[in-house]
Amino acid sequence: MRYLTPYNKNRVGLHTFTDSADQQQYLYSQFEAFHCFRVFPCFDQPDLKAKMSLIVLCPKDWRAVSNAIEKRYQLTDAENSGRHVLERAGIEWFLAFYDTEDDIAINEFEQTPKISTYLYAICAGPYEVFEDYDAMYVPQRIFVRQSLTEFLRHELMFGITKTTLDFYQRSFGARYPFTKVDHVMSPDYKYGAMENVGCITYSDEIMCSEKHMSIPKLTFFCVVIQHELCHMWFGNLVTMKWWNDLWLNEAFATSLSYKACSEGGAHVEPYRDEAWLHMSGYKRWGLAEDLMPSNHKI
Ligand SMILES: [Zn+2]
């Protein structure tokens, strides 16, 4: 099936954003719940999982990120390997959209395990990239738009992620179920963050718009990462049958993120006391909701 669709401008589907600081364009997806069908035809419901294979063509000064690790080719390289990738996939016809082949980068992603469509992700743009390759952990990268690079706490983010992966793996008795953790700082973002398999998207306003963050804000920074990492098991590996049980996903991820934060450990230690204050705020919110006449049994 050949299918063409424009980018979205309403922060769901495949959203496009132009940075007013430097006029650079960025793209990111937001597919929960349910918007994947806006980008390509699919049965867009959580109980129907499929393996995803993806090839992204983009300008060569862009990076493309998705759920799995990618290999990158130039179309004009000596071995013609980029062209072979397109031929193998039967998508050479796509080149008709380009005036010149010199500027194209081809990103071929490994096939994912079976995952729900709302957890697919595609992000692309001239991102600045920070990388962490530690033999004890899956690879991590952080993608941030160029104009916010100076605000990014990349060492803290890598450190919190490692401490939290240790905590969850120990608590759940199950290894991290995917091949890498990418963190994509996303402009103009609709939510706080989204747990796409191996490719977490975050509101860059929450994560890296200020040089000096207070302890309460850094605690939220920490807990957001921990919440999204928890979803890799609760939601991504084990998934609800239907959207009406999303609350259970979220409840697990929120309560365990506070548990992970209160346990402390390297990079997390300064936030463990503040975590309980945040948690009590959530509890108050929950009790207030519970009093409402619109509430219902679950
Ligand atoms: Zn969540």
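Reader: Is the crossing of α2 past α4 left-handed or right-handed?

Author: α2 passes α4 in a right-handed crossing. A crossing is right-handed if the near helix is turned clockwise from the far one by less than a right angle, and left-handed if anticlockwise. Note that this is a predicted model: local features need pLDDT of at least 70, side-chain atom pairs count only at pLDDT 80 or more, and totals for chains, interfaces and linings use all residues. Residues are numbered from 1 along each chain as its sequence is written.

Reader: Which residues of α2 and α4 make the contact?

Author: On α2, M157, I160, T161, T164, L165 and Y168; on α4, C222, I225, Q226, L229 and C230. Contact means C-beta atoms, placed from the backbone, within 7 Å. These residues divide into eight nonpolar, three polar and no charged. Nonpolar covers Ala, Val, Leu, Ile, Met, Phe, Trp, Tyr, Cys and Pro; Asp, Glu, Lys and Arg are charged; the others, Gly among them, are polar.

Reader: What angle do they pack at, and how far apart are the axes?

Author: α2 (residues 154-172) and α4 (residues 215-231) pack at about 45°, axes 10 Å apart. That makes α2 oblique to α4. Under 35 degrees is roughly parallel, over 145 roughly antiparallel, 65 to 115 roughly perpendicular, and the rest oblique. Axes are lines fitted to C-alpha atoms, for helices over the stretch in contact, with angles from 0 to 180 degrees between N-to-C directions. Helices (H or I, at least four residues) and strands (E, at least two) are DSSP runs, numbered from the N terminus.

Reader: And at what angle do α4 and α5 pack?

Author: About 130°, with axes 8 Å apart; α5 is residues 246-263. The two are therefore oblique to each other. Their crossing is right-handed. Among the contact residues are C222, Q226 and C230 of α4 and F252, L256 and Y258 of α5. This contact divides into nine nonpolar, six polar and no charged.

Reader: Switching to strands. How many residues of β12 are buried?

Author: Six of the six (residues 181-186), so β12 is largely enclosed by the rest of the structure. V181, H183 and M185 are buried on one side, and D182, V184 and S186 on the other. Buried means 20 or more other C-beta atoms within 10 Å of a residue's own, exposed 12 or fewer, and partly exposed in between; the C-beta atoms are placed from the backbone.

Reader: In what sense do β11 and β12 pair, parallel or antiparallel?

Author: Parallel, over four bridges; β11 is residues 140-144. Strands pair if DSSP finds at least two bridges between them. R141 stands opposite D182.

Reader: What order does the open sheet have?

Author: β1-β2-β9-β5, four strands with antiparallel pairing. β1 (13-18) and β5 (63-65) stand at the edges with a single partner each, so one side of each lacks a neighbour in the sheet. The twist averages 10° from one strand to the next. β1 and β2 (residues 25-30) share six bridges, and T16 stands opposite L27.

Reader: Backbone now. What is omega from E32 to A33?

Author: Near -25°, and that peptide bond is cis. The bond from A33 to F34 is cis too, with omega near 0°. A33 lies in the loop between β2 and β3 (49-50).

Reader: What about phi of N80?

Author: Near 60°, positive in a residue other than glycine. N80 sits in the loop between β6 (70-74) and α1 (81-89). It has 13 C-beta neighbours inside 10 Å, so N80 counts as partly exposed.

Technical notes:
Contact = placed C-beta atoms within 7 Å.
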